Amino acid sequence: MSAAARRTLATARRVLAQLRHDPRTVAMLLAVPCLLLVLLKYMYDRQPGTFDRIGPELLGVFPLMVMFLVTSVAMLRERTTGTLERLLTMPLGRLDLLLGYALAFGLVALVQAALASALTIGLLGLQVAGPTWLVFAVALADGLLGMALGLLVSAFAATEFQAVQFLPAVLLPQLLLCGLFVPRADMAPALRVISDVLPLSYAVDAMGRITARSAVDGQVVADLAVVAGSALLALALGAATLRRRTA
């Protein structure tokens, strides 16, 4: 195993150890998306078919938002407490640090996506035409995207309050333009162009296709690749912009 891999794994173990001693954060990461999906199910209990139509899209949106919030605050806390500055005086590069965080929170996203998918398709009875493993894959990719975006924006916040403020600035435009409320084809041309470069649009498109089609569509795979590629790009940008401490 290379030295870089050992440093990354050491960082991931440290982050997982911190999470293990923070049950409220773990509960937020794992339980909140599930509770929101249950709430959504019973909101539309008397409107047959509505949950089957919007449930898959929100199965990806809820984990993304929760992962974004937790990871942005967690990384900012490393800087404000001086932990990051001490770590970077050691032979630990910025990319090693972010990859360690990505690995730790990626494992959390894996469990989160598994729980939310099992709950939605199992207990809540969500009907999808496509394979359930693909629903899980898209939900996982959305969680990883939220994690990567959270790590990226943490570099631009000086306080935890500012980190929280990035949520409406970064995620709400994507939520409004992703096609969940209005079909993207019906949007004004300028808004359609913007929506075409927002990764959440591709996640929602993928879930919509999985809901409607039984076969694995090549376009779904392409949408999934865009979401995963956006997460990798956000991690790379996060490594380039990461500062040792807040201003």
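**Helices, salt bridges and a nonpolar core**

Biologist: Where is Leu-103 found?

Modeller: Leu-103 sits in helix H5, which covers residues 94-123. Keep in mind that this is a predicted model.

Biologist: And is Leu-103 buried or partly exposed?

Modeller: Leu-103 has a relative accessible area of 34%, so it is partly exposed. Together with Leu-107, Leu-110, Val-111 and Leu-115, Leu-103 makes a nonpolar surface patch of about 380 Å².

Biologist: What tends to happen to nonpolar side chains in soluble globular proteins?

Modeller: In such proteins they tend to be buried together.

Biologist: Back to H5, then. What about Thr-120?

Modeller: Thr-120 also lies in helix H5. Its relative accessible area is 0%, so Thr-120 is buried.

Biologist: Which residues is Thr-120 in contact with?

Modeller: With neighbours within four places in sequence left aside, Thr-120 is in contact with Leu-37, Phe-51, Leu-59, Gly-125 and Leu-126.

Biologist: Now the core. Which residues touch the most other members of the largest nonpolar core?

Modeller: Leu-29 and Phe-105 do, in a core of 70 residues. Helices that each supply at least two of its residues include H1 (3-20), H2 (23-43), H3 (50-80), H6 (132-153) and H7 (160-170). H5, H10 and H11 each supply at least two as well.

Biologist: Which helix gives the most?

Modeller: H3, with 15 residues.

Biologist: What does Leu-29 touch?

Modeller: Not counting residues up to four places away in sequence, Leu-29 touches Leu-19, Val-66, Met-67, Val-70, Phe-105, Val-108 and Gln-112. Phe-105 in that list is the other residue with the most contacts to core members.

Biologist: Changing topic. How many salt bridges does the structure hold?

Modeller: Four. In one of them, the side chains of Arg-184 and Asp-196 meet at 2.6 Å, N to O. That pair links distant parts of the chain, 12 residues apart: Arg-184 is in the loop between helix H8 (172-177) and H9, and Asp-196 is in helix H9.

Biologist: Is Arg-184 buried or exposed?

Modeller: Arg-184 counts as buried, because its relative accessibility is 11%.

Biologist: Which residues are linked in a network of salt bridges?

Modeller: Arg-184, Arg-192, Asp-196 and Asp-205.

Biologist: What does Asp-223 form a salt bridge with?

Modeller: Arg-209, with the closest N and O atoms 2.6 Å apart. Asp-223 is in helix H11 (residues 218-241) and Arg-209 in helix H10, 14 residues apart, so the pair links distant parts of the chain.

Biologist: How accessible are Asp-223 and Arg-209?

Modeller: Asp-223 is at 2% relative accessibility, so it counts as buried. Arg-209 is at 23% and therefore counts as partly exposed.

Biologist: Where is confidence lowest, and where is it highest?

Modeller: Confidence is lowest in helix H4 (residues 83-88), at a mean of 52. Helix H9 (residues 189-196) has the highest, at 92. H9 is the helix that holds Asp-196.

Note on methods
Residues are numbered from 1 along each chain as its sequence is written. This is a predicted model: local features need pLDDT of at least 70, side-chain atom pairs count only at pLDDT 80 or more; totals for chains, interfaces and linings use all residues. Side-chain values use heavy atoms; hydrogens and water are left out. Patches are made of residues with over 30% relative accessible area and no salt bridge: like charges are joined within 9 Å, nonpolar side chains (Val, Leu, Ile, Met, Phe, Trp, Tyr) within 5 Å. Accessible areas come from the Shrake-Rupley method with a 1.4 Å probe; for residues, only the protein chains shown count as cover. Helices (H or I, at least four residues) and strands (E, at least two) are DSSP runs, numbered from the N terminus. Buried means under 20% relative accessible area, exposed over 50%, partly exposed in between (1.4 Å probe, protein chains only). pLDDT is the predictor's confidence in each residue, from 0 to 100. A nonpolar core is a set of buried Ala, Val, Leu, Ile, Met, Phe, Trp, Tyr and Cys residues joined through side-chain atoms within 4.5 Å. Contact means heavy atoms within 4.5 Å.
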